[in-house]
Amino acid sequence: MDQKQQTPYELLGGESVLRNLVKRFYEIMDTLPETKSLRDMHPQDLQGSEDKLFMFMSGWLGGPNLFQEKFGHPRLRARHMPFKIGKPERDQWMICMVHAFDDLKIEDPLRSELLHSLLRLADHMRNQTES
C-alpha cells in the first residue's frame with residue numbers, strides 16, 4: 001500500500017492548530033512592546049488581517065488554498081508594497097511567529113523547517129534598503 005507523504009499543513013495539525021497559531025501570532029503582535037511599529041502598520045481591528053494570514057498559510061502549507069480561492073494569486077510583495085518593510089519589521093514579524101510556535105509547542109524538526117521557510121518569506125517582503 002502506497003503511503004501518501006503528509007503536507008506541512010497536516011504535520012502541523014490542520015485547520016484548528018493553524019487557526020490557533022495565527023490567532024496567537026496577532027495576540028503577541030498586539031501586546032509586545034518590541035513589536036509596536038509592526039502593530040502600527042495594521043488596522044485597529046486585527047480580525048481581517050488574522051483571517052487573511054490564516055487563509056494564506058493554509059495554502060502555503062499545503063492545505064486548502066483558501067486565500068487564492070477568495071482573492072486570487074497572493075502577490076505578497078505587491079500587496080505589501082504600501083508598507084515600509086525593512087529588517088526591523090521583518091524581525092518583529094518573526095519574533096511574533098517564533099513566540100506563537102513556542103506557545104503552541106510546535107516541535108522540531110517541523111518547527112525549525114517552518115520557521116526557516118517563514119524567515120525567507122518575511123525577508124522577501126522587505127522593500128526598504130538598509131543604510
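**Exercise 1.** Are phenylalanine 25 and tyrosine 26 buried or exposed?

*Solution.* The model is predicted, so local features are considered at pLDDT of at least 70 and side-chain atom pairs at pLDDT 80 or more, while totals for chains, interfaces and linings use all residues. Residues are numbered from 1 along each chain as its sequence is written, and side-chain values use heavy atoms, with hydrogens and water left out. A residue counts as buried under 20% relative accessible area, as exposed over 50% and as partly exposed in between, with a 1.4 Å probe and protein chains only. By this rule, phenylalanine 25 and tyrosine 26 are buried.

**Exercise 2.** Describe how the rings of phenylalanine 25 and tyrosine 26 are arranged.

*Solution.* Rings of Phe, Tyr and Trp (its six-membered ring) pair if their centres lie within 6.5 Å, and planes under 30 degrees apart count as stacked, over 60 as edge-to-face and the rest as tilted. The structure holds 4 aromatic pairs. In the pair of phenylalanine 25 and tyrosine 26, the centres are 4.8 Å apart and the planes stand at 85 degrees, so the pair is edge-to-face. Ring pairs also join Phe25, Tyr26 and Trp93 into a cluster.

**Exercise 3.** Determine which residues of α7 are buried and what covers them.

*Solution.* Helices are DSSP runs of H or I with at least four residues, numbered from the N terminus. The helix α7 (87-103) has 17 residues and reaches 24 Å from its first C-alpha to its last, close to the 24 Å expected at 1.5 Å a residue. Its buried residues are Glu89, Arg90, Gln92, Trp93, Met94, Cys96, Met97, Ala100 and Phe101, and what covers them includes α2 (14-31), α3 (36-40), α4 and α8. Just after α7, lysine 105 takes a positive phi of about 55 degrees.

**Exercise 4.** Characterise the largest pocket and its lining.

*Solution.* On a 1 Å grid over the protein atoms alone, a pocket is an open set of points where a 1.4 Å probe fits, with protein on both sides within 12 Å along at least five of seven lines, and lining residues have an atom within 4 Å of a point. About 680 Å³ of space lies in the largest pocket. Of the 24 residues that line this pocket, Tyr26, His42, Leu76, His80 and Trp93 are the closest to its centre. The largest share of the lining, 5 residues, comes from α4.

Notes. Points joined across faces, edges and corners; volume = space filled by probe spheres on them. Helix = DSSP H or I, 4+ residues; strand = E, 2+ residues; numbered from the N terminus. Nonpolar A, V, L, I, M, F, W, Y, C, P; charged D, E, K, R; others polar. Expected span 1.5 Å × (residues − 1). Contact = heavy atoms within 4.5 Å.
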